[in-house]
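These are my notebook entries on a single chain, written down in the order in which I looked things up. I begin with one loop and then work through the strands, the core and the pocket.

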Amino acid sequence: MRLATDRMFRCPAETTARLRQRAGGKVWRYELEVPAPRQTSVGHGSELPYVFDRPGEGRPPLQAYWAAFARTGEPNGPGLPPWPAESGAGERLVFAAAGPRAERG
């Protein structure tokens, strides 16, 4: 299942991000490590409840990043841990149970 998910979603997303970044566009990548409410694993679409449902205790702040992006064209906003833009080195923001953290590679 993980191989199929990577083949269908991760690999095309990484290729698209790389091409967009090389063409001069900004790209913000992320990984979600927190399952959707009432789920036991993270799968395609697991982020949707965190983006579109009402924010609540213990949720990753995806909604705040998405709202900042909609307002300004970039996801970073006041009070949010910095989300690094892709520079070609695999920068991303990981949404983990302990909170968001920037990673590279």
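Entry 1, a loop. I started with His 44, which I found in the loop between strand 1 and helix 2. The model is a predicted one, and in it His 44 counts as exposed because its relative accessibility is 62%, where the cut-off for exposed is over 50%. I also looked up how His 44 stands to Arg 92: the two are 48 residues apart along the chain, and their C-alpha atoms are separated by 17 Å.

I then turned to Arg 38, which is placed in the loop between strand 1 (30-32) and helix 2 (48-52). I noted that Arg 38 has a positive phi of about 65°, although it is not a glycine. With a relative accessibility of 81%, Arg 38 counts as exposed.

I asked how many of the residues of strand 2 (residues 92-96) are buried. Five of the five are, so strand 2 is largely enclosed by the rest of the structure. Looking at the directions of its side chains, I recorded that Arg 92, Val 94 and Ala 96 point one way from strand 2, while Leu 93 and Phe 95 point the other way, and that all are buried.

For the pairing, I found that strand 1 and strand 2 run in the parallel sense and are joined over three bridges, with Glu 31 standing opposite Val 94 in strand 2. Strand 2 also pairs with strand 3 (residues 99-103), here in the antiparallel sense and over five bridges. Strand 2 and strand 3 form a hairpin, with two residues between them. Within this pairing I noted that Ala 96 stands opposite Gly 99, and that the bridge partner of Phe 95 in strand 3 is Pro 100.

I listed the largest nonpolar core, which has eleven residues: Trp 28, Leu 32, Val 34, Tyr 50, Val 51, Leu 62, Tyr 65, Leu 80, Trp 83, Leu 93 and Phe 95. Helix 2, helix 3 (62-72) and strand 2 are the elements that give two or more residues to this core. I then took one of its members, Tyr 65, and looked up its contacts, leaving aside neighbours within four places in sequence: they are Pro 75, Asn 76, Leu 80, Pro 81, Trp 83, Leu 93, Phe 95 and Pro 100.

I next asked how much space lies in the largest pocket, and I recorded about 900 Å³. Of the 23 residues that line the largest pocket, the closest to its centre are Thr 5, Phe 9, Arg 10, Tyr 30 and Glu 31. The elements that give two or more residues to this lining are helix 1 and strand 1, and the largest share, eight residues, comes from helix 1.

I followed two of these lining residues individually. Thr 5 lies in helix 1 and counts as partly exposed, with a relative accessibility of 30%. From C-alpha to C-alpha, Thr 5 and Pro 49 are 19 Å apart in space, and in sequence they are 44 residues apart. Arg 10 is likewise placed in helix 1, and at 37% relative accessibility Arg 10 counts as partly exposed. Not counting residues up to four places away in sequence, Arg 10 touches Thr 5 and Glu 31. I also noted that Arg 10 and Tyr 50, which are 40 residues apart in sequence, lie 20 Å apart in space, C-alpha to C-alpha.

Lastly I looked up Pro 78, which is found in the loop between helix 3 and strand 2. Is Pro 78 buried or exposed? Pro 78 counts as exposed, because its relative accessibility is 84%, against a cut-off of over 50%. The C-alpha atoms of Pro 78 and Met 8 are separated by 34 Å, the two residues being 70 residues apart along the chain.

Notes
Residues are numbered from 1 along each chain as its sequence is written. This is a predicted model: local features need pLDDT of at least 70, side-chain atom pairs count only at pLDDT 80 or more; totals for chains, interfaces and linings use all residues. Side-chain values use heavy atoms; hydrogens and water are left out. Helices (H or I, at least four residues) and strands (E, at least two) are DSSP runs, numbered from the N terminus. Buried means under 20% relative accessible area, exposed over 50%, partly exposed in between (1.4 Å probe, protein chains only). Two strands pair if DSSP finds at least two bridges between them. A nonpolar core is a set of buried Ala, Val, Leu, Ile, Met, Phe, Trp, Tyr and Cys residues joined through side-chain atoms within 4.5 Å. Contact means heavy atoms within 4.5 Å. On a 1 Å grid over the protein atoms alone, a cavity is a set of points where a 1.4 Å probe fits but cannot get out, and a pocket is an open set with protein on both sides within 12 Å along at least five of seven lines; lining residues have an atom within 4 Å of a point. Grid points are joined across faces, edges and corners, and a volume is the space filled by probe spheres set on the points.
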